[in-house]
Structure formats: C-alpha cells, structure tokens
Amino acid sequence: MKITLKQLTIFKAIHEYGQISKAAKQLHMSIPAVSMALKELEGSLGSRLFERGSNGLTINDNGAVILPYANEMLSKSQQLEEIFNTGNNIRGTIRVGCSKTAGNYILSRRIPLFKKQNPSVDIKLTIGHSLDIEKMVSEKALDLGFVDAKPGLNNLQHQPWIKDKLCIVTGKNNPLVSETITPELLSKQLWVTDETVSVSRIRNIQLLKSAKVSIKNELTMNTMGAIKRAIGTGVGVSVLPYIAIKEEILRGELHELQLDNWDFHRRYWSIVRSDEPTSKLIAEFTEFCNENQTIV
C-alpha cells in the first residue's frame, strides 16, 4: 500500500468541495488527474471513500475514518516544511477558521495585509459558527481558530483576542431615536434577529431578558447584512455587535439606542490544539491579528 500526500490533499479537496471538477479548479489540476488520484487512493485502501449523489460526492463511512488521519499527516508535513525554512521570510500554508462576525469584519481585512507582508504564505479562511470552528481545530481540519466563546474541548487551548460591545440598534429614521428608551418601550418593538440557532442568538435573548425586555414581535433573517438592511429602513430594532455596525453608525445610517444598565460585551478567543507545539507561522499570524485591535 502506497499513499502519498498528494493523494490525501486531493481527497481533502474533494471532501471540501463535493465535486471533482471544483477540487481540480482549487488545486490547479486537470479533472482527469484528480479523478485518477482518487481512484489510486481508493485502490490502495481497497475501499470507496465517497458516494455519488445528485449534489455531487459525499464522504462515506470509510472516508470519515481516513479524514482525521489525512488532516494530521498534512498538518505534520506543513510543520516539517516550516522547521527547515531558512532566512527571515515566512512561508507555508495556514488554515484559519473564524466565527462569522469576526471573520467577515476583522479577519477578512487583516489577512490581505498579512499576505502583503508575507507573500510566500498561503492562508485559507473558513467562516462558520464558533462550535463548528472549534470542532474543526480539534480534529486538525484547521490550524487556528477565532471564536466567540471559550472552547469546551479538552485538547484545545485558548487566549483572549478582542472584546466587542453589543449594541441595541435601529435605523436613523425610526421614531425611537428621539425617545427615552425603556424596557417597556423596547418590548413593544419589532425585533429583527438571527434565525440561526447559535451561541450568539441564545446569548442575545438571555441578555434582553436580563434587561427586562421581552421579544413579542419577531422577524428572523439568516445574515447580518440582511438584518442591518432591514432595520436601516427605520422599522425594527436588533442587538448587533459593534464591529459589524461601526461603519453604518459613523455614516449615520444606524443609531445605537441607550438603555439604562445595558452594558454588555462579547469576548473573542484564539484557539489552537494543546497537544502539539505552535508553529512559527501560526505564532506570527496570531500576533499580527492581535496588533492594533481596538477594544470597544
């Protein structure tokens, strides 16, 4: 049996993109070459790794067994390359995961700046829910994560990253802008919230309850952008993180409502696996992400 890192890389790409054609495009390879590599890997293992369906290829039970080993072997290969890098230039690949808000509004802007300073570094960013990012770091599908809650898995270690203010916000044309804000008044409003069952949604509802605000009339949407545009019409209110609305507030499009005793923040954490040393590349990137981050 002979299994190569190239085959494992192709296996992971097919798993991630669900189609041989998409994996080939991502890897800058031909479709026949990717298909052949998968066939060779399955031949070496004596098992099919994917099932074909209407939506493409889906990993099967055999593939699920291989996946963590592939993640570990590719991760070790990357670490070995970094050990023997010479000179001051940082090079290599880093797989970063981040929760949605921080990923869209912070890392998406920090990564190009890091890439500009370190052109030999390849950064792959995955944005998702914190629990998913935590699981992917734990299972070695990601090298580094940024999440909005302390990790609960034992093989992860965490460090504080940034702290963000949670705001009760509405559009500039909402009559609430000129009102004295009370829990009773807010309880009468239309609340535009995230429909996703997430740590953030649960936390926001709990904080509103602690401030004696009841959500009686609710409109749910599944993206932050949609929520911002909805309340920007002047109808409805929401609880949103400051990093996601800072620019709209500065432009005067959204308005933060002031409620007595409302002073809540959300802490973000960087997470890595605790069972292996932190590589130079991960350390450099983490330090770069910590620079010039305003605590609000």
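1. Lys165 counts as partly exposed, at 24% relative accessibility. The classes are: buried under 20% relative accessible area, exposed over 50%, partly exposed in between, with a 1.4 Å probe and protein chains only. Glu256 counts as buried, at 19%. The side chains of Lys165 and Glu256 form a salt bridge, 3.5 Å from N to O. This pair links distant parts of the chain: Glu256 sits in strand β10 (residues 254-257) and Lys165 in strand β6 (residues 156-171), 91 residues apart.

2. On the basis of the model: it is predicted, so local features need pLDDT of at least 70 and side-chain atom pairs count only at pLDDT 80 or more, while totals for chains, interfaces and linings use all residues. Residues are numbered from 1 along each chain as its sequence is written, and side-chain values use heavy atoms, with hydrogens and water left out.

3. Eleven salt bridges turn up in a search of the whole structure. The criterion is a side-chain nitrogen of Lys or Arg within 4 Å of a carboxyl oxygen of Asp or Glu. One of them joins Arg95 to Asp143, with the closest N and O atoms 2.8 Å apart. Arg95 is in strand β3 (residues 92-99) and Asp143 is in the loop between α6 (130-138) and β5 (144-147), so the bridge ties together parts 48 residues apart in sequence. Both Arg95 and Asp143 are buried. Helices (H or I, at least four residues) and strands (E, at least two) are DSSP runs, numbered from the N terminus.

4. Glu247 and Arg251 also meet through their side chains in a salt bridge, at 4.0 Å from N to O. Glu247 is partly exposed, at 37% relative accessibility. Salt bridges with shared partners join Arg109, Glu247, Arg251 and Glu253 into one network.

5. Which residues make the nonpolar surface patch? Leu5, Val65, Tyr69 and Met73 do, over about 390 Å². Patch members have over 30% relative accessible area and no salt bridge; nonpolar side chains (Val, Leu, Ile, Met, Phe, Trp, Tyr) are joined within 5 Å, like charges within 9 Å. Areas come from the Shrake-Rupley method with a 1.4 Å probe. Helix α4 (residues 61-83) gives the most, with three residues. Leu5 belongs to helix α1 (residues 5-17). Leu5 is partly exposed, with a relative accessible area of 37%.

6. In helix α9 (residues 224-231), the buried residues are Ile227, Lys228, Ala230 and Ile231. They lie on the same side of α9, because they cover an arc of only 160 degrees around the axis. The arc is taken from the directions from the helix axis to the C-beta atoms.
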